[in-house]
Amino acid sequence: MCGIVGYVGSGDAVEVILEGLSKLEYRGYDSAGVALIQNGKIRIEKKSGKLNNLKNHLEENPILSQVGIGHTRWATHGEPTDINSHPHYSEDKSVAVVHNGIIENYISLKKDLQKKGYKFISDTDTEVIAHLFHFFYDGDMIDTLRKVLKEVRGSYAFGIVHEKHPNELLCARKDSPLVIGIGENQNFIASDVPALLKYTKNVYFLENGDYAKIIKDKIEIYDYEDKLVIRDKHEIKWTLDQATKGGYPHFMIKEIYEQPKTLEETLRRRIREDYSIDFNELLTKEELENIKDIYIIACGTAYHAGLQGEYAIEKIAKLRVDVEVASEFRYSDPFVDKNTLAIFVSQSGETLDTLLAMKECKKKGATTLAITNVVGSTISREADKVIYTMAGPEIAVASTKAYTNQVLTLFLFAIYLGDLKNSITMEEKILLLNELKSIPEKISEIFKYEDKIKFIAQELKDVNNGFFVGRGLDYKVALEGSLKMKEISYIHTEAFASGELKHGTIALIEKGIPVVVLATQKNLIEKSISNIKELKAREAKIITIAQKSDMELSEVSDRIIYIPDTLDITSGLLSVIPLQLLAYYTSLYKGIDVDKPRNLAKSVTVE
Ligand code: M6R
């Protein structure tokens, strides 16, 4: 999604803004631009395509400035052209605006402004902000911003500069992320922390509805009631190296390889010596007794993690769970009341669909729990309770280490609930926790089969269609394997419950079509073998993922990738690893931009 960077100080604004925007490239974008104040005038430069187009242009046409805003745009209203790129000017070029989000009432605002004589040159919703700011401008920046904010509906993060205020930068946020970076004699704004790490580790996370005036040595933040407020200063613990590739060719492969370490960190932080789970007294026994319904609500990969979480909570804590896609949840008139526990899983903590579903649940009185990776994110701050995953910054669009950390966290949460409910014995708990503790090492074992996975990826790179199938827990992992393959290799794949194939989809099976069969559940092996035989009879090419001791599967498979032996219930933490690698190498061999696949954004902050 769009990225915003802003700077006010005594340094080179162009350098800071371009550096910051390059750290936001992972969010996905199709054009980039800057607005800088130079000699009392605003100069906007913007280019469609990659950030390098803008960089090259600015090298040839340099701008000396110490105040400015920059933007990478992911098109929502209007084509990704130079004109629709941000920043946008007011008609007299006195104001420039960058915006992330959607102004829902922009059409009526635009009509009103047109009646007043304002002329629009782009198709964007953002241009109304520049004209509105011009219309309300009364000499006082914060007063003008306040009037603009009273007019707009929707989600937004803004950066605004005005030619008459060459030392000031304005910003505002609602339902879209924005952080203020605190420097020495210089301050910053950005959509995400990696954009700031080169310059500062101290930040303010703006609350929903906050807006601010920033000069180089002062930051004034106001809340949605227009009160001057003091927000907590956060120190970011990530290093720039953690947020960069560290020697790997892509973030995705770096993040796949980080999984043993990040999972170890989660285990170390959450499992106490007496085998109890440390979630900081998240729920009391009485609170749990009052809970009648549990929902897990999320999108994409986080939704798939939720499916494994559902399985774990039902099996371990013996509580019924519904997993819902966040974008559907709000419109399905769900059964939610004060006896509901609604769990929201989100890597970024900024996904608008998930956030809006959370707001709906809060309105209906539910207890909301966020499981998120980003400290200070909107979802973490809006939820009643929070569990942070320990995945570290995830930059690649395709989520990998966040997924396994979400699954592990949900498993630990299931054990935590099981303890509160006495639904798990000490022996069962020790067995399960010891197995979970062995997962990081077992993942490292799987990395040794990378050459075999590369070989299969070479075979897959030329196909147009494929299937991922599995039974029980394997089906839930198949869904994630299929999504991973689709989003970064652009191969059309679908995931099915193996037993469901014969009810229709088997019609699509023909000679040579690849079918990845997940067959890690020991009690279902025979059934899986029968399904494989049905597929083979139609000449599908079978790529099986199985536990090491289930050798019999090799006889019916064309290719087989083994994972180390594990408990059936924990197998999903291992079987997903070869699927991540398979997607990565298939994408690589197809020559696709693995970390930034087309049409996708890392943080999806529109509905
Ligand atoms: O930040 P979130 O976990 O809320 O994001 C949810 C999905 O947008 C995300 O998992 C998406 O499906 C990924 N591209 C999958 O790799």
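A: Happy to! P87 is found in the loop between β4 (67–73) and β5, where strands (E, at least two residues) and helices (H or I, at least four residues) are DSSP runs numbered from the N terminus. This is a predicted model, in which local features need pLDDT of at least 70 and side-chain atom pairs count only at pLDDT 80 or more, while totals for chains, interfaces and linings use all residues. Residues are numbered from 1 along each chain as its sequence is written, and side-chain values use heavy atoms, with hydrogens and water left out.

The peptide bond joining H86 and P87 is cis, with omega about 5°. Most peptide bonds are trans, and most residues other than glycine have a negative phi.

β5 pairs with β6 (residues 95–103) in the antiparallel sense over two bridges; strands count as paired if DSSP finds at least two bridges between them. Within that pairing, Y89 has A96 of β6 as its bridge partner. The whole sheet is open, with seven strands in the order β5-β6-β7-β8-β12-β13-β14 and antiparallel pairing. β5 (88–89) and β14 (228–229) stand at its edges with a single partner strand each, so one side of each has no neighbour in the sheet.

N39 is not a glycine, yet its phi is positive, about 50°. The hairpin of β2 and β3 has two residues between the strands. β2 and β3 pair in the antiparallel sense over eight bridges, and A35 is bridged to I44 in β3.

Now to the ligand, which sits in the second largest pocket. A pocket here is an open set of points on a 1 Å grid over the protein atoms alone, where a 1.4 Å probe fits, with protein on both sides within 12 Å along at least five of seven lines; a molecule sits in it if more than half of its atoms lie within 2 Å of its grid points. Of the 13 residues around the ligand (a heavy atom within 4 Å), S346, Q347, S348, T351 and E487 come nearest. By class, the shell has four nonpolar, seven polar and two charged residues. α9 (300–317) and α16 (473–489) each supply at least two of the shell residues, and α9 gives the most, with three.

Ligand oxygen atoms make polar contacts (N or O pairs within 3.5 Å): a polar side-chain atom of S346 at 2.6 Å, a side-chain N or O atom of S348 at 2.6 Å, and one of K484 at 2.9 Å. Taken alone, the ligand exposes 410 Å², and the protein buries 91% of that (Shrake-Rupley, 1.4 Å probe).

Methods:
Polar contact = N/O pair within 3.5 Å; in protein donor to acceptor, adjacent residues only side chain to side chain. 1 Å grid on protein atoms, 1.4 Å probe; cavity = no way out; pocket = protein on both sides within 12 Å on 5 of 7 lines; lining within 4 Å. Nonpolar A, V, L, I, M, F, W, Y, C, P; charged D, E, K, R; others polar.
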